[in-house]
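Let's take a friendly walk through this structure together. Keep the picture open while you read, and look for each residue as it comes up.

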Amino acid sequence: MTIGVTIPASDTYAAANLVDELVVQTRQAADAGLSSVWFPQLLDYDAVTVAALAGREVPGISVGTGVVPLYPRHPLLVSALAQTAQAATGGRFTLGLGLGARPFLEPVFGQPYPSPIEHLREYLTVLRPLVNGEETEFDGETVSLHPSMPTAVPGAKPVPIIVAAMGPRALAVAGELADGTLPYLAGPQALSANIVPVIGRAAKSAGRPAPKVIAVFPAVVTREVDATREVLAERLAVYETIPSYQRILAAEGVSHAADLAVIGNEETVAAAVRRYFDAGATDVVISQAGVRSSEDRLRTWRLLGELNKR
């Protein structure tokens with residue numbers, strides 16, 4: 001059981017050079033005693049590249065993406081990035097992938113959004129051998145691959161693949177073909193009832209090792225509880241418009257994404273971390289710790305580092 005954090009933690013907006021700042025924050029996370037840092041892929045910086053740079057600059061801490069949407073990236077390109085990051089970090093990189101949300105991605109990229117579960121299955125079927133350094137070809141409904149040159153990166157160990165799966169069909173595919181799941185805003189009740197048993201059964205049926213369940217949720221150690229909750233309610237409201245998140249919030253018995261945010265003193269956040277581990281999480285990752293200030297972020301990370309050492 002390990003504890004990590006997502007970076008950026010919402011306090012990098014004034015950075016003169018974002019990549020430099022992300023490396024600095026990675027070093028701060030390592031100094032605090034955390035096990036891992038995870039970089040989300042949005043529309044600005046490249047998450048795999050930053051993970052590779054940060055992991056190479058800061059020895060000893062694991063790095064990963066949390067997460068890179070499959071659409072519209074071809075698995076051969078993602079494999080090249082992931083293997084490069086794995087070689088650069090000496091085997092400390094994990095590739096976190098996600099289906100993404102059609103209403104947000106399709107208008108941005110202007111390409112048809114594929115059938116998500118079928119695309120996930122075909123994508124992982126191709127990607128797994130590629131990131132293991134194996135040559136492969138494939139023709140499917142949503143993915144086709146016929147490399148004309150070598151695809152393996154010398155020095156890259158096999159890359160673990162984690163999928164941000166929360167629905168039963170996506171979890172079944174992740175359990176069969178990936179190394180685990182990285183659900184965001186899945187509370188302890190949803191985790192124990194809807195996620196852990198489903199992916200566990202799928203992995204067992206496929207003869208795979210027990211999957212990782214990396215629970216990601218917002219948490220802030222702060223004195224400004226009400227003001228922090230107000231900011232997070234605004235930041236997280238977008239998830240309440242996405243069907244997959246609507247379902248996972250309903251499974252937890254809450255209506256708003258901010259209801260999953262843990263805000264308070266050290267004892268409050270520590271108790272929440274324990275609840276997620278008790279619910280079956282193999283790892284916990286905290287997001288949004290700097291939503292109000294860098295001071296809150298560092299205070300939160302110090303607590304998490306102490307918990308991680310126990």
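E266 has a relative accessible area of 25%, so it counts as partly exposed. Keep in mind that this is a predicted model. Where does the side chain of E266 find a partner? It meets the side chain of R299 in a salt bridge, with 2.8 Å from N to O. R299 belongs to helix 11 and E266 to helix 10 (residues 266-278), so the bridge ties together parts of the chain that are 33 residues apart in sequence.

Is R299 buried or exposed? Its relative accessibility is 18%, and because buried means under 20%, R299 counts as buried.

Now find D11 and R297, whose side chains form a salt bridge at 2.6 Å, N to O. This pair links distant parts of the chain, 286 residues apart. D11 sits in the loop between strand 1 (2-6) and helix 1 (18-32), while R297 is in helix 11 (residues 294-308). Both D11 and R297 are buried.

Another salt bridge brings together the side chains of K212 and D283, at 3.4 Å from N to O. Here the link runs between strands: K212 is in strand 10 (residues 212-221) and D283 is in strand 12 (residues 283-287), 71 residues apart. K212 counts as partly exposed because its relative accessibility is 40%. D283 has a relative accessible area of 7%, so it is buried.

## The count and a network

How many salt bridges are there by this rule? The count comes to six. Some of them share partners, and in this way R128, D179 and R208 are joined into one network.

## Two helices side by side

Next, turn to helix 2 (residues 47-57) and helix 3 (residues 75-89). Their axes come within 8 Å and cross at roughly 5°. Angles under 35 degrees count as roughly parallel, and helix 2 and helix 3 are therefore roughly parallel to each other.

Which residues of helix 2 meet helix 3? On the helix 2 side they are V48, T49, A51, A52, G55 and R56. Facing them in helix 3 are L81, A82, A85, A87, A88 and T89. Sorted by class, this contact has eight nonpolar, three polar and one charged residues.

Key: Residues numbered from 1 in each chain as written. Predicted model: local features only at pLDDT ≥ 70, side-chain atom pairs only at ≥ 80, totals over all residues. Heavy atoms only, no water. Axes fitted to C-alpha atoms, helices over the stretch in contact; angles between N-to-C directions. Helix = DSSP H or I, 4+ residues; strand = E, 2+ residues; numbered from the N terminus. Parallel < 35°, antiparallel > 145°, perpendicular 65-115°, else oblique. Contact = heavy atoms within 4.5 Å. Nonpolar A, V, L, I, M, F, W, Y, C, P; charged D, E, K, R; others polar. Salt bridge = Lys/Arg side-chain N within 4 Å of Asp/Glu carboxyl O. Buried < 20%, exposed > 50% of the residue type's maximum accessible area, 1.4 Å probe, protein only.
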